[in-house]
Amino acid sequence: MMIKETSLRRDPDLRGELAFLARGCDFVLPSRFKKRLKSFQQTQIQSKPEKKPGTPLPPPATSPSSPRPLSPVPHVNNVVNAPLSINIPRFYFPEGLPDTCSNHEQTLNRIETAFMDIEDQKADIYEMGKIAKVCGCPLYWKAPMFRAAGGEKTGFVAAQSFIAMWRKLLNNHHDDASKFICLLAKPNCSSLEQEDFIPLLQDVVDTHPGLTFLKDAPEFHSRYITTVIQRIFYTVNRSWSGKITSMEIRKSNFLQTLALLEEEEDINQITDYFSYEHFYVIYCKFWELDTDHDLYISQADLSRYNDQASSNRIIERIFSGAVTRGKTIQKEGRMSYADFVWFLISEEDKRNPTSIEYWFRCMDVDGDGILSMYELEYFYEEQCERMETMGIEPLPFHDLLCQMLDLVKPATDGKITLRDLKRCRMAHIFYDTFFNLEKYLDHEQRDPFAVQKDVENDGPEPSDWDRFAAEEYETLVAEESAQAQFQEGDMDEPGNHHSQQTDTRTENQTPHVLTHSFEDYETEEAASPSEFGNKGNKILSASLPEKCGKLHSVDEE
């Protein structure tokens, strides 16, 4: 509580005590000081005259003369409460920093001129690409623009309706991230959910030259779109909220990557989000595990991935709902294809920030945000059992724990946090030690100096996921070619008909149409539409849902 200097002069004793307290002296009893201060405040309130509106303040009272001398009081600077400045510049712009130099009317005039070149001044989804370029936006913004202007209902967008929509957007949203979310999100929503991306990605599938071969295989559109959406949320949605905000868009490279689609005809060169080869690898891996092809895999199915390299305890944690949305995986014990995309990327690239968070959630059994020594021992026990089964003598847990603590160097002894794992840059070795036996043994056999060299190398090298996808794609294509040659040669040998039938494995049931169509597209030897239709119907007629165009959201329960 602030006490005016004039009030202090009325009670010299209180003034002296306050001065001693300011010096840091502690001989004044707190109880005595509180009583004196309370009685003094009550006296001031009772003696204070009631003010009427418009009554001027009374002049300051002069201090009465005191017969006893006052002790010397140190000089105390007067504390002045300066009024808050009303000229503080605005520093928070959730819709982007407004550009005072831009002339919106010139942009709107150019849009109106562009519509005049279109018949009846009504643009369809394809002509909307020209309008997007006039607006200064990437080509593949055309589908969100078309929908935002009401084109989905009528099949076209009139000039006046589009100009009115674009004028409102320019006045309220000032950067690309804010504009993109406004165009793509539902009305009165400031974030993007998974289903909001479907029109945009369907337009990419329909019009991008690198995906021309998919036009004859529409049953795969839904799976490709699902894969891209999961990769977008895996990378962009750093909050794990299931809703992408404008701030997350600004911090990511998604809009820059989306703009590259216009310039790059080979979509496999764009490894972030849109690569067809990456989709093919993910879908084939899922197809191998999904034995009944109902687009769901069980806990036993997932444990077979990579020859049961992952421990059963970490698989149980995944199916406990620690890293999945919705209650399907907990109630029915089934993992959807969308959840498998997150698992596969996290498993093959444990350096990725999202992967580090993914596996931390799995290992944090009690959910307290700390990996305790008990939790580490819980996961390492199964690793020891599996090594003993293989005839390998495991390292005692105490010795292993010392190695891991030296590796991570946690800020608090005996407690490993997510921040510690991200800072140490060796999270992939830490995680593999506790639940991936195959990779753990590989790390043990590597040269430690080579490991340190990988950590210190900050060059623009491909990620672990990019290397894995490239290697797996080459392997899958090579197996497909060898299998085709084997079947062709086997048809000419009557004695091998039995072996041909028994060798029909799950791999033979993978979507060959994807590999064949890609090779045909590369060599410009396109197969006939009937060939595509026959293969697609034969392979996936019983596996894909009736509404293959519907995307199963991660949030779907």
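The legends below describe close-up views of a predicted model.

**Figure 1. Overview of the predicted protein chain.** The chain contains 29 helices and four strands. Of its 557 residues, 43% are buried. Among contacts with a separation of 6 or more, 65% are between residues 24 or more positions apart.

**Figure 2. The largest nonpolar core.** This core comprises 125 residues. Phe 162, Trp 166, Phe 197, Phe 254, Phe 274, Ile 318 and Phe 430 are the members with the most contacts inside it. Helix H14, residues 276-289, supplies the largest share of the core, ten residues.

**Figure 3. Surroundings of Ile 318.** Ile 318 is one of the residues with the most contacts inside the largest nonpolar core, and it is one of the buried residues of H16. Beyond its neighbours within four places in sequence, Ile 318 touches Leu 302, Val 323, Thr 324, Ile 329 and Met 335, and also Phe 343, Tyr 358, Trp 359 and Cys 362.

Figure 4. Six of the eight residues of H16 are buried, and the helix is mostly covered. The buried residues are Arg 313, Ile 314, Ile 315, Arg 317, Ile 318 and Phe 319. After the helix comes Gly 321, which has a positive phi near 95 degrees.

Figure 5. H19 spans residues 353-363, and nine of its eleven residues are buried, so the helix is largely enclosed by the rest of the structure. At the start of H19, the backbone nitrogen of Thr 354 has a side-chain oxygen of Asn 352 within 2.8 Å.

**Figure 6. Packing of H16 on H19.** Two packed helices are described by the angle between their axes and the distance between the axes. For H16 and H19, the axes come within 9 Å and the crossing angle is roughly 100 degrees. Angles of 65 to 115 degrees count as roughly perpendicular, and the two helices are therefore roughly perpendicular to each other. H16 contributes Ile 314, Arg 317 and Ile 318 to the contact, while H19 contributes Tyr 358, Trp 359, Arg 361, Cys 362 and Met 363. By class, six of the contact residues are nonpolar, none is polar and two are charged.

Figure 7. Ser 311 lies between helix H15 (299-303) and H16. Its relative accessible area is 1%, and it is buried. Apart from neighbours within four places in sequence, Ser 311 is in contact with Glu 382, Gln 383, Arg 386 and Phe 435.

**Figure 8. Gln 383 in helix H20.** Gln 383 belongs to helix H20 and is buried, with a relative accessible area of 0%. Its contacts, leaving aside neighbours within four places in sequence, are with Ser 311, Asp 432, Thr 433, Phe 434, Phe 435, Asn 436 and Leu 437. Gln 383 and Asn 312 are 71 residues apart in sequence, and their C-alpha atoms are 9.9 Å apart.

**Figure 9. Ser 275, in the loop between H13 and H14.** Ser 275 is placed in the loop that joins helix H13 (254-263) to H14. Its relative accessibility is 2%, and it counts as buried. A polar atom of the Ser 275 side chain lies 3.4 Å from the backbone nitrogen of Glu 277. With neighbours within four places in sequence left aside, Ser 275 is in contact with Tyr 224, Arg 231, Ile 267, Asn 268 and Ile 270.

**Figure 10. Lys 122 in strand E1.** Strand E1 consists of residues 122-123 and includes Lys 122. Lys 122 has 38% relative accessibility and counts as partly exposed. Excluding neighbours within four places in sequence, Lys 122 is in contact with Glu 127, Phe 156, Val 157 and Ala 158.

Note on methods. Residues numbered from 1 in each chain as written. Predicted model: local features only at pLDDT ≥ 70, side-chain atom pairs only at ≥ 80, totals over all residues. Heavy atoms only, no water. Core = buried A, V, L, I, M, F, W, Y, C linked by side-chain atoms within 4.5 Å. Buried < 20%, exposed > 50% of the residue type's maximum accessible area, 1.4 Å probe, protein only. Contact = heavy atoms within 4.5 Å. Polar contact = N/O pair within 3.5 Å; in protein donor to acceptor, adjacent residues only side chain to side chain. Axes fitted to C-alpha atoms, helices over the stretch in contact; angles between N-to-C directions. Parallel < 35°, antiparallel > 145°, perpendicular 65-115°, else oblique. Nonpolar A, V, L, I, M, F, W, Y, C, P; charged D, E, K, R; others polar.
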